[in-house]
Structures are given as structure tokens and as C-alpha cells.
Amino acid sequence: MIGNFKNTDITAANVFHGIRVVLSMIEFDIGTRIPLESGGELEILRTVGDGGQGTVYKTAYSSREYALKWYKPEYLKDLEDKGILRKFRDNISENVKNGPPSDKFIWPLMLTADHEGGFGYLMALKPDNYQDFTDIFNTHDKYGKKVEFRDLKAAVNSALNIVEAFKVLHRSGYTYLDLNDGNFFINTQNGDVLVCDNDNATSQPIFNIGKPGYMAPELVRCDKGVNSSALTDYHSLAVVLFKLLIRHDPLMGKNYVKSVCISAEKERELYGVNPVFIFDPHDDSNRPVFNIHANPINLWPLYPMYIQSAFVRSFSEGMKQPGKRLTEYEWTKVLVKLRDEIITCACGAGMFLSGLDPHELIECPHCGHTYDYPKHIELEDFRISIFPGNEILNCHIHGGEDYKTVAGKVVRSRKDHARLGIKNWSARSWRIKYPDGEVEVVAPGKIAVSQLGMEIEFAPGVIAQVIE
Amino acid sequence: MARAINPLEAAVEPAKKELVIFFIIDRSGSMSGTKIGAVNTAMREVLPVLRGIGGSDATIKIAILGFSTEAYWISPPASVDEFIWEDITAVGWTDFGAALNMLCEKMSRKEFLNSGTGYAAPVCILMSDGQPTDSWIAPLELLRQNNWFKLATKIAIAIGNDTDKKVLTEFTSNPQAVLVSHTPEDLKKLIKIVTLTSSQIGSKNTAINVGNVFTDRNSAAQQFAVSAITTSMQSDPDLAASLYDDEIDDDF
Ligand SMILES: [Zn+2]
């Protein structure tokens, strides 16, 4: 028997830890004490959520608060029947021992001892200012309250941060089983990302588990010799990013709608045996359906070509050839490019420059304010709009993946609003060469006034030019 | 002048498949009093908890078919987000056959299941305390030909020992999917467990494969739901007893 049956009426629980809320019929009473494997006891404070694998409680242990994920008896029974329960538990134990790959992971901290035939693990509580990815995707939470990013930059930042989390996980030798929208908490104000349910992170994938819509087709088909790996995770990563940016399932098109009843068998066909990307350039059999799939029809054309190409490569070629799927490094590069295209109006609204005519004024869709089409800083691989608030990042200057360290920022002159400058946020001086041949050194903290045709040497040999 | 764009502002709630849970509720005279009272209480309490269960995978809709002297749709499929339960009363005969006919008629692409976004396999939850008073064998035969019904997860809740469990077993095609309640408390718990478990399993398919053996929950959704429900029931002393003992006295 798992827990004491709590014969109370339904209470509205909060959405927690990506697990959808149901009132568990079998839940621990408040105040129940459960021993931990390492000694000591936790105390149940309240139920916060419930989902497929387990129930999450708010608990107290040695005068601090933690979340407890307690596995459902039927989930454990399922694992036991398949002969993998022991390994499953050992894996969590191993994760606890090794510690989190970074502070972006809500990592298992302690296992409980076996208690009434079940067990669970402790982890940090979800901070209040983070939202479920599921709610962002749905555009609202389960109470109907609108959930959206503060601005476009926060949205693209969250995409970059999801990629970063995968990268860190993979470099630490893990793959992530059962990856889906329930595994991410996102701060919609700035795009910060936390990854939860890390009992599913493993360095020895002994079994594959997941929702078919997120699993690589070779895993859905259950191909011989194929296990979860970085390559299968790359598919899941592309699905998550597609859902974040295009707000749709990349394989949900005509074929899905035609199936009418999506039985398990159908699902296996749509996501495993015959998976067709809805925007596959060589196969139009599964296009989104007018009047049904509004998001892909409306949103896809608004993204620049390099974003579309990245998804096409992942879902068209990469569907059959896992090696073609974009790696984290490649995603970081295209997403930084996308971020560079965002300009943020003084009213706070973010918008993409791509697709706009450089000869026309730009009108903010929110406040109607107009702007000149900005000039650009052109580097070897990147073009950064010279628009107030835009940033020059370490990866722009040095290559690599550091999109977090800001090396320079576009600022507006307080005296003359038409004058823009680039402030040196880095630790090294920049050399500027103006079109008239004048050379200037811009020390850290100083500002270079932007001028068409000028050259900026950000680092020895890294010379950018200001162009139209 | 060019109007700049923010793609995410153009985003609307994504297209999702629908999961319809059909409740087929006996509201004949013998149900009046504590039985129908327990049904009303349980339904009023469990429906709000279904909000959000579909997550990013499915929109959950509820349809209510009542039967007594004749049958009628108390509610066609409606989103659980807006669903408000209105108490039902119990009076009259037990025209089960009439209910089966109506269910069969409406489980159709031309009728209730006409959304273009696609459907999860439906869930049918039958609650009854008695013996049918009309002819039901032919209607059930017909219903069994219905492709939606074939794919559906079918669970029946027998309310008390007087229920003709054979009839319910015919409906579910699986004796394990017929669960018996003996007290109003049991009945309330059962309705909640059955509703939550079957909607969770119905809206999200999870595949677990070990050593190239593919299994998932949905391909055996009914079996999986029954197994999950009985695992839940075993944790409750009262419900566990009714799983194993047919001779418990009713307390309705
Ligand atoms: Zn504006």
C-alpha cells in the first residue's frame, strides 16, 4: 500500500514541476513522515501536483523546504514488470551522487528510503517566477490566465537557454529520457530556463521512455540497437524549439487530421514509421491544414530563412539520417542570429527586422512609433543591428558558444537622439578607424559614436564594419 | 512605412486532438436518494480537477448521457474548462438500450466527433445500479460495430449488488473493467479514480521500450486504465475489499 488514503474532497492544487495537476486519490496526509535513505525524515506539507510518473509534494526536511517526487505505484509496477526498477533507482542514486551539471537543473538531491512499498526523491522547489513551458505553449494556464513572454528577446533567450541546458547535460555524459514540454520551467520576463524531472537524465540509457511526439522516429519505431543518445535528443530538442517558436507540433499536418482517431497505432505511424515534416520541401503530403493549424500557417513565414532551414534540416533530412540533425552548437549560432535581428521599441515591444524593406521607415506594431531602418555592424558570421539596446556578445567576436557575456551595447545619445554609439562593455580596448582615416581607441566603459563605413577592431584581427 | 512583426503575437492556442469522455449515467427511480446524490457530488468535484490534465496534448471534453424512461443527452461534448455540473435527478425506468442507441448515433464524425483537429480514443464511463427495462442486446450489437466504440476505453461502475454485472461486462467486454461500489463513499471515490485515471491515460500516450520491445499505454489503454485503477483501489481498504469480495453488503 502506498500512503494513507486521504478521504478529503478536491482541493485546487497548483501546477507544479511540469506535472499536470490532478488531485491524487492516493496521497499522503499532511504531516506524514517519510525516512530518507541517508537518515533523517521529511515531513509532507502539501500536495503540489500530480502527473504520469508521480505526485509532487512540498515537504520540509531539516528545517528547509523541498519538493518530493513520489512515484505512483502503477509506474513502479510497470518498471518492475519490465525488470528495470532496480536500475531505475540506481540511476537516480547515481545522479544524486554526481550532482547537477549546472544550477539550471532541478536535480535529485536525496532519495527516500523505501516506504510502504514505494519511494521518491527530494529536489529544490520551483521558484514562483517561473512558468510551465506547457502553459506558454497553450498561451494560458489551466485557469485560463494568459501566459506569454514579456517580449521577443525573452522568447529567443529561452530558446538559447534550452539549447544551453542540453549542451551542458550532454557534455556531462547524460542523455535525457522522456523529454517533453513538461520538463522546462521558463521565466517569461527574461527567458531563464530550469530543467526538471532529472530522474530521467541518465548516462546509461537502459530503456527508452517518452511521448511519441517528442521521441526520435527511430525510438518510436524501436529500431534494433538504437538507444537514447545525443542524436535522439537532438530530435527532441528540435521539437521543443519548434513548439516554442512556431507553437505547433512539427509533424501534425494533413496526415494527422486525416487519421481522425489518433490511436496508438496511428501515432506510431505518424511519428515513427512515416514521419513527414509539415514543411518538408520535397514532400508536401503533410502540410498544415487551413482553418485548423493556424499557428504554423501564420508564424512560419515570419521567421528568417536560416531558422526555417534549420528546422528543415532537422526534420526532413534528419528524420532519416540522425547525423543531419542540428547540434547544440549549430542551434546556438542560428538562434543568436535571430536574436540579433530583434529591435526593441522604446515602448518595450520587440520585433524582427527580417523581411522589412531597408528603404522604409519601421513602424512599431504596438505604439505606432517610427524608426529609421538601422545600420549594422557586420562581422564574419553575424550582422548586428545598431539599435538601442542591442548587444555585441562574446560569441559574435570570438566565435564559440558564449552568448551570455556582453562585450558591447548600442546606446543612444542623451543630447542628440539621432546619434547612436557602441559602448565598450568588454575588458579590452577597441580600435576604431573612421572613414576619413582617423583612428581612435575606445577603452572599456567608453563609447564609439556610430558612423557609416567605420571599422571596429574588437580584438586583434577581428574587424567589423558599420554598413547600411 | 513597414510594419514590424513579432511572430509570437500572432500565436493562438495550438491545435490539439480532443479527448471526449462520455458519461452514461443511470438515473432511473432506484438511483434516487444517496446514489444519485453521490454521483452528483463526485461529478461536481472531479470535473474541475480535469482542467489542465490534457496539457499540451489534448483538449478534454465531457459529454453526459442520462437514461431512465428513455434516454437523453444532458450535455453534448463541452470543454471541461467551462463545464459546470448541474445536479441530475432520478426517476423512471432503466432504458439502457435506448442509451446505447443514442451513444451509437452520436459517436460519429457527422455528429459529436466532428472536430477537424483529430481525436484521442474516447473514454466511456457507464454507471448503473439495476437491470435494463428495455431491450438492449440488439442496440449493444450495433454499438459494437461502431469504430469509435471499438477503440474506446470502456469502464463500468456497478452501484450496489443488485446491478446486473453481466450487462455491464457486455458493455465493457472485460469483466475487470466492471468495478463495484457498495457505499455512497465508495461510489464517489470510484467515480473520481476512474475519471482521472482514464483521462490521464487517454490524453497522453507514453511509450516505454526496453530492449527493442515496444509497449505503450494507449495500445492497451483500457487494460492499462483498469490496471492503474485497481492499483489505486488497492490502496484504499474499503475499495480493496470490493475488488475481492462479491458478498459485501450494500449501504445505499
Ligand atoms: Zn512601440
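In this predicted model, helix α6 of chain A and helix α11 of chain A pass each other in a right-handed crossing. The model as a whole has an ipTM of 0.89 and a pTM of 0.90.

**Helix packing in chain A**
- The two helices of this crossing comprise residues 230–245 (α6) and residues 328–340 (α11) of chain A, and their axes come within 11 Å and cross at roughly 20°.
- Because angles under 35 degrees count as roughly parallel, α6(A) is described as roughly parallel to α11(A).

**Helix packing in chain B**
- Helix α6 (residues 184–203) and helix α7 (residues 221–234) of chain B have axes that come within 9 Å and cross at roughly 140°.
- This angle makes α6(B) oblique to α7(B).
- The crossing of α6(B) and α7(B) is right-handed.

**The zinc site**
- Four cysteines of chain A coordinate the zinc ion through their SG atoms, namely Cys345(A), Cys347(A), Cys364(A) and Cys367(A), at 2.3 Å.
- Along the chain, the donors of the zinc ion are arranged with the spacing C-x1-C-x16-C-x2-C.
- The site is tetrahedral, with angles of 103 to 113° among the 4 donor atoms.
- For four tetrahedral donors, the ideal angle at a metal is 109.5 degrees.
- Cys345(A) has a relative accessibility of 4% and therefore counts as buried, for which the cut-off is under 20%.
- Cys347(A), another of the zinc donors, has a relative accessibility of 42% and so counts as partly exposed.

**A loop residue of chain A**
- Asp284(A) is located in the loop that lies between α8 (264–273) and α9 (294–299) of chain A.
- With a relative accessible area of 53%, Asp284(A) is exposed, as the cut-off for that class is over 50%.
- Asp284(A) and Ser316(A) are 32 residues apart along the chain, and their C-alpha atoms are separated by 11 Å.

**Confidence in chain B**
- The average pLDDT of chain B is 88, and 93% of its residues score at least 70.
- Within chain B, helix α2 (residues 96–106) has the highest confidence, at a mean of 97.
- Strand β9 (residues 213–216) of chain B has the lowest, at a mean of 58.

Key. Residues numbered from 1 in each chain as written. Chains lettered and ligands numbered in written order. Predicted model: local features only at pLDDT ≥ 70, side-chain atom pairs only at ≥ 80, totals over all residues. Heavy atoms only, no water. pLDDT = per-residue confidence, 0-100. Helix = DSSP H or I, 4+ residues; strand = E, 2+ residues; numbered from the N terminus. Donors = N, O, S within 2.8 Å, 3.2 Å for Na, K, Ca; no water. Tetrahedral: all angles 85-135°; square planar, octahedral: opposite > 155°, others 65-115°. Buried < 20%, exposed > 50% of the residue type's maximum accessible area, 1.4 Å probe, protein only. Axes fitted to C-alpha atoms, helices over the stretch in contact; angles between N-to-C directions. Parallel < 35°, antiparallel > 145°, perpendicular 65-115°, else oblique. Left-handed = near helix turned anticlockwise from the far one by under 90°.
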